[in-house]
There are 4 protein chains.
Amino acid sequence: MHSLLTEEKVFKDPIHNYVHVQDKTIWDLINTKEFQRLRRIRQLGTSYFTFHGAEHSRFSHSLGVYEITRRIISQFERQNYEDWSMEERLVTLCAALLHDIGHGPFSHSIEEAFDVHHEDWTCRILLENTEVHQVLEQVEKGFSKRVASIICKTYPNPIVVDLVTGPLDADRMDYLLRDAYYTGVHYGTFDLDRILRVLRPYKGRVVVKESGMHAVEHYLMSRYQMYWQVYFHPVTRSSELMLRLIFQRATELYRSGYRFKYFLPPLDSLFEGTLTAQQYVQLDEAFVQTMFTQWMSEEDERLAELSQRFMERKLYKYVELDEMKESYKTLLREQWERVGLDPDYDLWFDYPTDMPYDVYRSGEVPSQQHILLLDRQYELVELSKRSDIVHSISGLRRGKAYIYYPVDKLMHVRDKLSEEAKQLLRFDRHIK
Amino acid sequence: MHSLLTEEKVFKDPIHNYVHVQDKTIWDLINTKEFQRLRRIRQLGTSYFTFHGAEHSRFSHSLGVYEITRRIISQFERQNYEDWSMEERLVTLCAALLHDIGHGPFSHSIEEAFDVHHEDWTCRILLENTEVHQVLEQVEKGFSKRVASIICKTYPNPIVVDLVTGPLDADRMDYLLRDAYYTGVHYGTFDLDRILRVLRPYKGRVVVKESGMHAVEHYLMSRYQMYWQVYFHPVTRSSELMLRLIFQRATELYRSGYRFKYFLPPLDSLFEGTLTAQQYVQLDEAFVQTMFTQWMSEEDERLAELSQRFMERKLYKYVELDEMKESYKTLLREQWERVGLDPDYDLWFDYPTDMPYDVYRSGEVPSQQHILLLDRQYELVELSKRSDIVHSISGLRRGKAYIYYPVDKLMHVRDKLSEEAKQLLRFDRHIK
Amino acid sequence: MHSLLTEEKVFKDPIHNYVHVQDKTIWDLINTKEFQRLRRIRQLGTSYFTFHGAEHSRFSHSLGVYEITRRIISQFERQNYEDWSMEERLVTLCAALLHDIGHGPFSHSIEEAFDVHHEDWTCRILLENTEVHQVLEQVEKGFSKRVASIICKTYPNPIVVDLVTGPLDADRMDYLLRDAYYTGVHYGTFDLDRILRVLRPYKGRVVVKESGMHAVEHYLMSRYQMYWQVYFHPVTRSSELMLRLIFQRATELYRSGYRFKYFLPPLDSLFEGTLTAQQYVQLDEAFVQTMFTQWMSEEDERLAELSQRFMERKLYKYVELDEMKESYKTLLREQWERVGLDPDYDLWFDYPTDMPYDVYRSGEVPSQQHILLLDRQYELVELSKRSDIVHSISGLRRGKAYIYYPVDKLMHVRDKLSEEAKQLLRFDRHIK
Amino acid sequence: MHSLLTEEKVFKDPIHNYVHVQDKTIWDLINTKEFQRLRRIRQLGTSYFTFHGAEHSRFSHSLGVYEITRRIISQFERQNYEDWSMEERLVTLCAALLHDIGHGPFSHSIEEAFDVHHEDWTCRILLENTEVHQVLEQVEKGFSKRVASIICKTYPNPIVVDLVTGPLDADRMDYLLRDAYYTGVHYGTFDLDRILRVLRPYKGRVVVKESGMHAVEHYLMSRYQMYWQVYFHPVTRSSELMLRLIFQRATELYRSGYRFKYFLPPLDSLFEGTLTAQQYVQLDEAFVQTMFTQWMSEEDERLAELSQRFMERKLYKYVELDEMKESYKTLLREQWERVGLDPDYDLWFDYPTDMPYDVYRSGEVPSQQHILLLDRQYELVELSKRSDIVHSISGLRRGKAYIYYPVDKLMHVRDKLSEEAKQLLRFDRHIK
């Protein structure tokens, strides 16, 4: 059963000014404990180590994705586009609001360490016995499955999927603007209102009227800049490395039967891989940080050291390389062992890459990753065929190469390093 | 020993664009574990329950206070004001950076519950065996005491004290702008650059050139608006109440010998009042929230209920009253007992007040709380004597009265309440 | 006949992001020559001499007033307020768009000099044979009269009048925000979206829901600040004085039969007071400035001097006085004559005043100038009865006193001035 | 003789917050009549017809260019870069302030019509008998020539030239930010503070530290967007066409001995090509617009029509073509003649092009148009060799093709047009 609130509710939001809630279901979802938990999970994980302002949560972002989706749909309905069905409204809004509900604390690192995926957890939270599930099923039986299928991209109406997870989706639009605002960088800003005005549901896709092409170019450039200036910032990568190493060490210890001084539930289920949805939502950044604080006094020195590095921001330093060669890895691992360091813990090679826009080959059928323009003759054209600038950068794969290591430890043994290694590490920078 | 960094370091900041660090001491202080801990303490405590964007930390704010102070001093030195001594520069910057280092998690509530004061902790952290203390003493022996005395307002040069804790200090200027930015409200913005340009050290005070009077009026109005729109927002007050009740309950239980299922150090020292500075800095919001999450499964129902209310944002509702009468309190406490509720836990009367500007009486000597204008004849005049608008609002004490209570519990017993009580609570609002 | 555009048109606007036009009548009005002429009349007259960014026109402002009105009405219609009639929509929008169409170049000065009133010209342009008149009459016969009666406040529905010319009207809301944006000052900003959300048509007035009281306080404070920081800035007053003196001199010359070297139509009709609406719309700032440029070479020295002062910004300087006394005027006029200056041209006493909010006396019926709050019991209460801060400043009449004079001329004869006069003029400031 | 002001003066500016003036020479230059005249010349010419907010003047922009230059130099001096000589400070600031002083009203169109160049006029105003010239010569004899040689790029120190007219000069940085602000588009914003921090004088160029590469990429993208979204907007191009046609017609008439009803000096000197610098500075937009208003009543119908089109914004409409073919031109000119229109006045083909960044070929010596990075090994590298994204778009020449014509005239004769012509003009769009 779907009902409207007697009076519209609003949330004050720095990005969208106000987030408007008109449906009782949306209001109830926001008030579930699973959604409230998103307040305790930062949107940008450890980026706050690099940009101190980046302390915003997935709660804020989720409201933002919901609000952008609401505005797009409201524009669709005002224009009476025939490819949009008003019956899709609520299910789309729920999917937009909940698309990130399965995120754990410091997602990327925890997912890698424990081989879990936030998309799976999103579905479990929607479908298992949770408050979110109950609210959704009150709309109608099976509604939670409909919402989940949008997030899994198996929903029958591809326009709905495009809105929530397409190349111009509400998710990306919100996070670029929000992350730019909270970090304070200018790169992520683009003309949201303009893009909202030129989106249109058409033949199974959310497409862009050709007059809006430049606004989309600008959005792609903003996205590209945010990747290199913010998301891939080497200080952030270094802090993510700390996280991964902590989880790696703790798992090793747990499996080896090590007895932790401090160990709160449901950490054991996490290590065992037997977490229930109920337990999963107990995991938040407060929990992880509290564990690390306690582990700073663990007897295992490696775990204690790594936990301290993370909590007190004594991160590994980095060196940028002109290119990444296998020979560098061999060289440094060998050197590390020679001076008594553990290359599995004290050394990391990183090579992040990003593509501003996927290449599109003439004749090919455009995929879901391609942006389509609707031209004046109502023909669909893939973006890079019309935009010279997008054409130029299509398929461009940008990569940077870095080495991370604990400078403080190396300092004591630097004389034992070969000249080649010292040069590679540009080690003299650290000696005043 | 004071030394400059070989190259200026910057932090990207959304409010000040860049925070500039030139002194090695400042850089080292930022990298201490005590200062890094401020990342885990939100600037606005529980305000994020009302304004979801208000997730910024005291770390960000402390950098901001430092930066504003740096700019003021730099302006003083550029103008060669004779009342400013360049020797005060570093000690002032350190005090600005560290003035909030003693804040605990959710300070206001925890301070009330345990009768501690963040100012005391600030001094202990500066003076006891901490990383901060060590960095300060490297400047020169006794330097940490000089810094502490600024924060305690016992420093001999009142201009320095004024910069850090006066009526137009860097602290307030940063938090108004920063809190406005992160909450998204417009009320807190004022012309910082203009104010910085018109400040001047003069005869033992930081005074304002008369030409800047309107900018100061605007700042006072912004401050007033922020108090009523943000800091005293009843939803925030309600969440602070939850915190106080949790701490109150846990203390009662601890003193009564109750055996907690989950209880991490250094909670016992907190209850005992024997915390060391080392232990104190282990307290952060992660710790508090993790305790609360665990306590949701405690056997004591009250503690479990309150912890859940806080973690899942099931706060007490509020009713605004036209005035606060003792008879209301008597009436409701009596009614609460009649329906089986505990007025010590299920009821709260709140009456926050604020004064936009302290009244100044003619003939009186202006106090440190008064703002002084420097007029064209180089005379000092108290602000309200020149500004009609400040004169009008001087001494105005604004107050609002609220009752807070758990509507959900009252719903079940509402028929037992007297008509008078129902009317006072405007209880029918909650029944659809 | 009222018809919608086949596709909504938008104007990119820095204040409202986009101005949306849906009605053909609005589109056609914007394209009339009388409306396009507003591009050649600056919103803030000579304020650009003080704030170089203040170069925006009445065209931009008129679109803004229209857009705010459109949003308010659209909010009214979304909420289905019963006190609002959808039939008032178009006539209200037209009145909002056209309310300033009668403004001439540098209105305030020209109106004073020639005793004309822009409101009269607005009505003549609406009702006489103009393109605007023709577009309005196409809606239905007599429609131009309906629009004019809103601007003259004789329209039968007071809610419509309130929207266009009430104490919280779209006109003031746009100009505060726009003037703040273009000058670059921060004082004029307030939370427009919030105010739009709390406005409501009720019992013949546009009232404010009580929950929005603080936003209205903030708006009143912004208005107050803008008056003193921008609108009454003494440099702007001085440039307006130049204008008035030029018009005064030219009229004197015209009446005395002086033969101007350069004199374009319709200047004679302006001097004679026989301008038709057709001629009136030929007057714009380009015309006035071109006349002044030519007059810089007139034989009449006074006219040439004043024209040059205006065009080259060689304005009279000002001195602020603590109070305005008649004896000052007598003294200086006498001194001026003694040193051979003409007190009618070379001297001006100015005493601008403003009231932040009109006083409201208990028992009185609130006038159209008072803002009404709609409280939780659906009672209307005058703002100052609820807002302590508005109460404090009600009826506060703020004034400043200035003397303006040509410092350059006085310099040559300063030795002849009495000591009293020199002191009053604080003349030594100008001598290095 | 160079002297400092006793007190720094500031201008409130929306882009840079405050423009700071410390030198008496700069202050005096701003107060010359030639500089004040820039208030009457819009920065973006006729762009206000497209973006109504774009009403800002060259006066504002010139102050902005000065301010950015001042900040760069002040950064150079703070860092004690050895490639910067403090003796270049004042001459550089003067050149920055005055670089646009030769601009006439609606420069681009008037320059084309009369074959004049604003750079030549800039030099004449600096070197002939003007107030600007006098102020400059007071610094030292020959100083005006030094300033002029920077603008002509013949100054011996190429770093100074680079600051004022290089690929990352203060001129472009100010106009991108300012034009974005006044039009309200978001495309032109980039991180000015970041770019200022990474500029460095080095071996005869102003180069960019490699760490600032992304900020420069972002700046180039902003510039590219502004060209296509703002500067080349077809409505603006259409209004420039009107201007050119008016000047073309008036010149034809003047040369043919036509007797104008209204004709103010110094229009004859403009037509004759004998303008003096004194006369030139009398030309401003007020003058041009006043002439056009008068010409609306000229007997020559073409001149009257074109003047009216410009003043009342009845511009030619445009059609975008996929490509520009000679055959289109032949076809339409022939058709135009057939239906009795004059292809020299009633038809225009436009093909604006822009290059985001000049291609750089390996091995080549980088020209003044290339941006150089200073890498960690203190080597200079041309930007596109390091930036993949700049490399991708280097040499990309973007062009669009348009036809402009008076739709209103064509409407009456549309049946006489060939099908091919109708299709090319997509004429049916205009018929409802």
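## Axis, interface and core in a predicted model

Modeller: This is a predicted model.

Colleague: How do you know that the copies meet through the same surface?

Modeller: Compare the interface residues. Of those in chain A, 100% are also interface residues in chain B, so the surface is the same. Contact here needs C-beta atoms within 7 Å. By that cut-off, chain A gives 36 residues and chain B gives 36 residues.

Colleague: Which elements of chain A supply two or more residues to the side that touches chain B?

Modeller: Strand 1 (4–13), helix 2, helix 3 (58–78), helix 10 (170–183) and helix 16 (285–295) of chain A. Helix 16 of chain A has the largest share, seven residues. By class, this side of chain A holds 14 polar, 13 nonpolar and nine charged residues.

Colleague: What makes Val208(C) stand out in the largest nonpolar core?

Modeller: Its links to other members. The core has 485 residues, and Val208(A), Val208(B) and Val208(C) touch the most other members. Both domain 1 (4–231) and domain 2 (234–352 + 400–430) of chain A put at least three residues into this core. Membership requires a buried residue, which means 20 or more other C-beta atoms within 10 Å. In soluble globular proteins, nonpolar side chains tend to be buried together.

Colleague: Which residues is Val208(C) in contact with, leaving aside neighbours within four places in sequence?

Modeller: Among them are Leu168(C), Val198(C), Leu199(C), Met213(C) and Val216(C). The list also includes Ile371(C), Leu372(C), Leu373(C) and Leu374(C).

Colleague: How far apart are domain 1 and domain 2 of chain A?

Modeller: Their C-alpha centres lie 33 Å apart. The contact takes 25 residues from domain 1 of chain A and 20 residues from domain 2 of chain A. Helix 5 of chain A gives the most to the domain 1 side, with six residues.

Colleague: Where does UniProt place the HD domain in chain A?

Modeller: The unreviewed entry puts "domain: HD" at residues 58–176 of chain A. That span is 69% helix and 0% strand. Its end C-alpha atoms lie 13 Å apart.

Terms used
Residues are numbered from 1 along each chain as its sequence is written. Chains are lettered from A and ligands numbered from 1 in the order in which they are written. This is a predicted model: local features need pLDDT of at least 70, side-chain atom pairs count only at pLDDT 80 or more; totals for chains, interfaces and linings use all residues. UniProt positions are given in the numbering used here, feature names are shortened, and annotations may be inferred rather than shown by experiment. Helices (H or I, at least four residues) and strands (E, at least two) are DSSP runs, numbered from the N terminus. Domain bounds come from an automatic or database domain assignment. Two residues are in contact if their C-beta atoms, placed from the backbone, lie within 7 Å. A nonpolar core is a set of buried Ala, Val, Leu, Ile, Met, Phe, Trp, Tyr and Cys residues joined through C-beta atoms within 7 Å. A residue is buried if 20 or more other C-beta atoms lie within 10 Å of its own, exposed if 12 or fewer, and partly exposed in between; C-beta atoms are placed from the backbone. Ala, Val, Leu, Ile, Met, Phe, Trp, Tyr, Cys and Pro count as nonpolar, Asp, Glu, Lys and Arg as charged, and the others, Gly among them, as polar.
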